[in-house]
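Here is a briefing on the structure shown below. Points are grouped by topic.

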2 protein chains.
Amino acid sequence: MKIDKLSFVDRAAAQLRSEIVHGRLLPGERLTEIDLSERLGTGRGTVRAALSILEAEDLIVRQPYSGWSVRDVSEKELWETYTLRGALEGLAARLVAITVDEAIEAKINAAFERLQSAESSKDGGERVDADLNFHRTIVDLAGHASLARQYFGLSNKVEWLYRWSETHWPSRIDLTSWHRPIVEAILARDPLAAEKAIQDHGEASLADDLRDFAELRRQSA
Amino acid sequence: MKIDKLSFVDRAAAQLRSEIVHGRLLPGERLTEIDLSERLGTGRGTVRAALSILEAEDLIVRQPYSGWSVRDVSEKELWETYTLRGALEGLAARLVAITVDEAIEAKINAAFERLQSAESSKDGGERVDADLNFHRTIVDLAGHASLARQYFGLSNKVEWLYRWSETHWPSRIDLTSWHRPIVEAILARDPLAAEKAIQDHGEASLADDLRDFAELRRQSA
DNA sequence: CGATTCTCGATTGTCGACAATCGATTCCAG
DNA sequence: CTGGAATCGATTGTCGACAATCGAGAATCG
């Protein structure tokens, strides 16, 4: 029985990742290795390794001899995240549409049904979870390990942005209608349509977030 | 004057990366932290951090409490690398085709001309360099920092595969004619055509490499 | 008063020591 | 001879100590 076989480094990285993604650590916030090592109850070398992992995932930034800080959010950041996601998910959707069988179809339907239930839910967190789960499901089903690796880091960033806009602008988008075209194209086994559907979805989400972001900027200015 | 401001960790990572990419460390080869720390003349913690970086770039693999080893090559590995590259370069080509101006046009032409000179060269290394440079140029010109980051790691893997087939099967492909469609589509400011051209190029390269790989397998079996 | 240099506290960069873990080998009971 | 437990060497996992570096403010000079 291997249950708790994560190294200290992995656990520390997971902890920090969660704190950033859930907004408990704010964008731009400064992080010092000693503080973290006391707070996480682990050595400084361990904290350092965890921070390096998060740096590779592009969640935090390092300034040599000066410190670490949580990445800042900007319009450009939003644009980069969503366009990159579009490229990766586009590949995933194409691959899934080619190889779809009964098992895959069942998983996609399950993810989509969860999305529909979440639609009526008042719980903003569940809406976000269901949405992210849908996208991650498609990527996993592509059977492409390198793609899944790259997507993992990116999806954390997306989760971060999602939770952040869900806080400021609850329940904006219409989950069901926004995702249905993707499901239909994949189940129709049409790779090009699936790629286009998921990329259109990404562009629409980006436009939405950019609008909210501008509004928020305006308010705080 | 900042010349040599790389940390030991970065230097060690660069050194190991180069050794892997140039084939001085063979696929599957086992790496121990102590050996490396003696060979590189640096502490074990430093070596460890460098190895973590290369792990994030997917060049090496770690087995907990057991060791590190250079990643192995397989058909699946080839397929994943080239398809992922297609997705990333596709996005880059699309972005460049949209924003192309005189400066960008000049850089693309320069990269393409280098490719044409390398064509006649007998130096396999220069052929590889020119080829990689062409692809990296397009990605850089896209003005997309996250994309460039992700592509960097992937391009090391591609370089590795390139040098490896160049060793076994020198001067196979026709550099000029394989890349011209990409240049033409971008300079014609046609995003979709540019994306398709660079993805077709990737698929053709993949097919080529897979054929060579199977041949090599057959010989050594 | 302004600009430059110096000093100092804080933080990261680097390192080797010690503990935890693994895998192969040895040893022993049956 | 065989199966399994104990042992041992090798390697990674974790940690805190010390050195290098940076940024801000004090001190100095024109």
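By class, nine polar, seven nonpolar and two charged residues make up the surface near DNA strand C. The model is predicted.

**Surface near DNA strand C**
- There are 18 residues around DNA strand C. Those that come nearest are Phe8(B), Thr42(B), Gly43(B), Gly45(B) and Tyr65(B).
- Both protein chains supply elements with two or more residues here: helix 2 (33–40) and strand 3 (67–70) from chain A, and helix 1 (8–21) and helix 3 (44–56) from chain B.
- Helix 3 of chain B gives the largest share of this surface, three residues.

**Contact between chains A and B**
- Chain A puts 21 residues into the contact, and chain B puts in 21 residues.
- On the chain B side, the elements that give two or more residues are helix 3, helix 4 (75–99) and helix 7 (145–168).
- Helix 4 of chain B holds the largest share of that side, with eight residues.
- The chain B side that touches chain A divides into nine nonpolar, nine polar and three charged residues.

**Helix 8 of chain A**
- Helix 8 covers residues 175–187 of chain A, 13 residues in total. From first C-alpha to last, the helix reaches 18 Å, close to the 18 Å expected at 1.5 Å a residue.
- The buried residues of this helix are Leu175(A), His179(A), Ile182(A), Val183(A), Ala185(A) and Ile186(A).
- An α-helix has 3.6 residues a turn, so residues three or four places apart point the same way.
- The cover over the buried residues of helix 8 includes helix 4 (75–99), helix 5 (102–120), helix 6 (124–141) and helix 9 (191–220) of chain A.
- Arg189(A) follows helix 8 of chain A and has a positive phi, near 60°.

**Sheet of chain A**
- Three strands of chain A form an open, antiparallel sheet in the order 1-3-2.
- Strand 1 (30–31) and strand 2 (60–63) are the edge strands, and each pairs on one side only.
- Strand 1 and strand 3 of chain A pair in the antiparallel sense over two bridges. In strand 3, Ser69(A) is the bridge partner of Arg30(A).

Note on methods: Residues numbered from 1 in each chain as written. Chains lettered and ligands numbered in written order. Predicted model: local features only at pLDDT ≥ 70, side-chain atom pairs only at ≥ 80, totals over all residues. Near = placed C-beta within 6 Å. Helix = DSSP H or I, 4+ residues; strand = E, 2+ residues; numbered from the N terminus. Nonpolar A, V, L, I, M, F, W, Y, C, P; charged D, E, K, R; others polar. Contact = placed C-beta atoms within 7 Å. Expected span 1.5 Å × (residues − 1). Buried ≥ 20, exposed ≤ 12 C-beta atoms within 10 Å, placed from the backbone. Pairing = 2+ DSSP bridges.
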